Amino acid sequence: MSLKISNLNKTYSNGVKALNGLNLEIGTGMFGLLGPNGAGKSSLMRTIATLQDVDEGSIEFNGIDVLDNQMALREVLGYLPQSFGVYPKVSAENLLNYFAVLKGITSKKERNILIDEVLEIVNLTDVRKKAVSGYSGGMKQRFGIAQILLNNPQLIIVDEPTAGLDPAERNRFLNVLREVGAKNTVIFSTHIVEDVKELCTDMAILNKGTILKQCKPTDAVAELEGKVWATTMTTDMFNSMDKEYVLSKNYNPDNTLKVRIYADSKPSEHYSQDVANLEDAYFVHINQLS
């Protein structure tokens, strides 16, 4: 399975250019789309999901011309937006049954078997009788995965799914996505670097509607080997320094700062080489330091 996106351009009526000549190729497995808020991630996800048109470009998935044949794509698509509403006081199993009917599954026996399967996958079997409106944030997101699995999708899009989840709910949700992503093309859009590090075998960094980098997360980190340096300084020292190549700063227990910078060679005797990570790679490309 493969998704090929070529020269996508989209400018909204307010003049904001959300997609700027965007090109991307995605295969089977978990693909992380990483970028800051406003980078164009949701615009791209909505376009792939056939929820908005573009000014120019093409999208092809397994021989389907997505922009010209939206219904064919929707038959093999599962889409989980940042937030979604549910009917109040309707249980998970009843709501899944309703969605299954909408997806064209006419046999009640087949629907019951399928509902049992998807509830088991997302670990919601024990709360199947509970109203989804009363679920926690993480449970609602897992329910969202359950409903998109009803039609056995080949392409799954999840847009900022872990935003607002506590650590335990986030881990449970990511575990569900790992299982789902083994056999499908899953695009995982997020601004949380750690999610991509833990989940994805391939990734792209997006900003201002353009793909800045596409590679494996491990390769992105390897490219920075020997180029990340760290030192400790006071806040006053940090405020007076040139911040062009700063990757991150974090407070130490004594209120000094640990500052990490990107440089081809040791900046000064005060710096020591540090181990690079995916967050470093993200900031290098977002700030176009390389």
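Tutor: Before we look at this predicted model, keep one definition in mind: two strands pair if DSSP finds at least two bridges between them.

Student: What makes β3 and β8 a pair, and in which sense do they run?

Tutor: The definition asks for at least two bridges, and β3 and β8 are joined over six bridges in the parallel sense, so by that definition they pair. Within this pairing, phenylalanine 31 stands opposite isoleucine 187 in β8.

Student: How do you know that β7 and β8 pair, and which residue stands opposite serine 189?

Tutor: Five bridges join β7 to β8, and these strands run parallel; since the definition requires at least two bridges, the two strands therefore pair. Opposite serine 189 in β8 stands aspartate 159.

Student: Why are β6 and β10 called edge strands?

Tutor: The open sheet has six strands in the order β6-β7-β8-β3-β9-β10, with mixed pairing, and β6 (77–80) and β10 (210–215) each pair on one side only. Neighbouring strands in this sheet are turned by 15° against each other on average, when direction is ignored.

Student: How many bridges join β9 to β10, and in which direction do these strands run?

Tutor: Strand β9, which covers residues 202–207, is joined to β10 by five bridges, and the two run antiparallel. Here leucine 206 stands opposite isoleucine 211 in β10.

Student: Why is β8 described as largely enclosed?

Tutor: A residue is called buried when its relative accessible area is under 20%, and six of the six residues of β8 are buried, so the strand is largely enclosed by the rest of the structure.

Student: Which residues of β8 cover each side?

Tutor: In a regular strand the side chains alternate between the two faces of the sheet. In β8, Thr185, Ile187 and Ser189 lie on one side and Val186, Phe188 and Thr190 on the other, and all of them are buried, with both faces covered.

Student: Which strands does helix α6 lie across?

Tutor: Helix α6 (residues 167–181) lies across β3 (29–34), β6, β7 and β8 (185–190), and runs at about 150° to β8. Another helix, α5 (residues 137–148), lies across β6 and β7 (155–159), running at about 165° to β6.

Student: What share of the residues in the protein is buried?

Tutor: With the cut-off of under 20% relative accessible area, buried residues make up 48% of the 290 residues in the protein. The secondary structure of that protein comes to ten helices and 14 strands.

Notes:
Residues numbered from 1 in each chain as written. Predicted model: local features only at pLDDT ≥ 70, side-chain atom pairs only at ≥ 80, totals over all residues. Heavy atoms only, no water. Helix = DSSP H or I, 4+ residues; strand = E, 2+ residues; numbered from the N terminus. Buried < 20%, exposed > 50% of the residue type's maximum accessible area, 1.4 Å probe, protein only. Axes fitted to C-alpha atoms, helices over the stretch in contact; angles between N-to-C directions. Contact = heavy atoms within 4.5 Å.
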